[in-house]
Amino acid sequence: MPDLIAYTDGACSGNPGPGGWGVLMQAVEGSEVVKERELSGGEAQTTNNRMELLAAINALEALSRDTAITIVTDSAYVKNGITEWLAGWKRKGWRTSTGKPVKNDDLWQRLDTARGRHKVQWQWVKGHAGHPENERADALARAGMAPFKKGAKAGG
């Protein structure tokens, strides 16, 4: 059975501004990629953190059955949020340690639900550091954002 890895990234032009998310999914056997799938999308008015979250969410929601998967993100916000902060936020009714509402709680709740049926490992990589799969996820995120940027032509 191949290992499944999803490289995820988000991008924003202005923060907030037009944004996009991208996912490069790879099924890997040994050191060989046996199958790939690319996903991307975007929104007209969003933030970088929301796009990073949507990349991870869409990677998990694209899976049709319970799966063991490694999500590779260059977002410390996503990695730390899901592995360190989420349990506390849920315990405190979606409040931070200072009692303020958790930002992007709609997406954190969606990510929590999406990961619930899978066995997910979370891995962080440094962004824009020449990691080939992360660079491809970034290109997909920028492509997802492109239709929402000023001057984008309607209809492609």
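Trainee: In which helix is Glu 52 found?
Mentor: This is a predicted model, in which local features need pLDDT of at least 70 and side-chain atom pairs count only at pLDDT 80 or more, while totals for chains, interfaces and linings use all residues. Residues are numbered from 1 along each chain as its sequence is written, and side-chain values use heavy atoms, with hydrogens and water left out. Helices (H or I, at least four residues) and strands (E, at least two) are DSSP runs numbered from the N terminus. Glu 52 falls within residues 48–61, that is, helix H1.

Trainee: Glu 52 has no salt bridge; how far away is the nearest side chain of opposite charge?
Mentor: A salt bridge needs a side-chain nitrogen of Lys or Arg within 4 Å of a carboxyl oxygen of Asp or Glu. Lys and Arg count as positive and Asp and Glu as negative, with His and the chain ends not counted. Glu 52 is buried (under 20% relative accessible area; exposed is over 50%, partly exposed in between, with a 1.4 Å probe and protein chains only). The nearest opposite charge belongs to Arg 142, at a distance of 11 Å.

Trainee: Which residues does Glu 52 touch, not counting those up to four places away in sequence?
Mentor: Contact here means heavy atoms within 4.5 Å. On that basis, Glu 52 touches Thr 8, Asp 9, Gly 10, Thr 73, Asp 74, Ser 75 and Val 78.

Trainee: In the open sheet of five strands, what is the strand order?
Mentor: Two strands pair if DSSP finds at least two bridges between them. The pairing in this sheet is mixed, and its order is S3-S2-S1-S4-S5.

Trainee: Which strands stand at the edges of the sheet?
Mentor: An edge strand here has a single partner strand, so one of its sides is left without a neighbour in the sheet. The two strands in that position are S3 (32–46) and S5 (119–124).

Trainee: How many bridges hold strand S1 and strand S2 together?
Mentor: S1 covers residues 3–12 and S2 residues 17–29, and the two pair in the antiparallel sense. Within S2, Ala 27 stands opposite Leu 4, and Val 23 is the bridge partner of Thr 8. Four residues lie between the strands of this hairpin, where Gly 14 takes a positive phi near 85°. The number of bridges between S1 and S2 is 10.

Trainee: How many bridges join S2 to S3?
Mentor: S2 and S3 form a hairpin with two residues between them, and Gly 30 in the turn has a positive phi of about 65°. Val 23 has Leu 39 as its bridge partner in S3. The strands run antiparallel, and the bridges joining them number 12.

Trainee: How many of the 13 residues of S2 are buried?
Mentor: Helix H4 (residues 132–145) lies across S1, S2 and S3. S2 is largely enclosed by the rest of the structure, because its buried residues number 12.

Trainee: With which residue does Arg 136 form a salt bridge, at 2.9 Å between the closest N and O atoms?
Mentor: Side chains of opposite charge can pair when their charged atoms come close. Arg 136 is partly exposed, at a relative accessible area of 31%, and Glu 38 belongs to the salt-bridge network that includes Arg 136. The 2.9 Å partner of Arg 136 is Glu 36.

Trainee: How far apart in sequence are the parts that Arg 136 and Glu 36 tie together?
Mentor: The closest N and O atoms of this pair are 2.9 Å apart. Arg 136 lies in helix H4 and Glu 36 in strand S3, so the parts tied together are separated in sequence by 100 residues.

Trainee: Which residue meets Arg 110 in a salt bridge?
Mentor: Arg 110 is partly exposed, at 33% relative accessibility. The N to O distance in its salt bridge is 2.8 Å, and the partner is Glu 61.

Conventions: Axes are lines fitted to C-alpha atoms, for helices over the stretch in contact, and angles run from 0 to 180 degrees between N-to-C directions.
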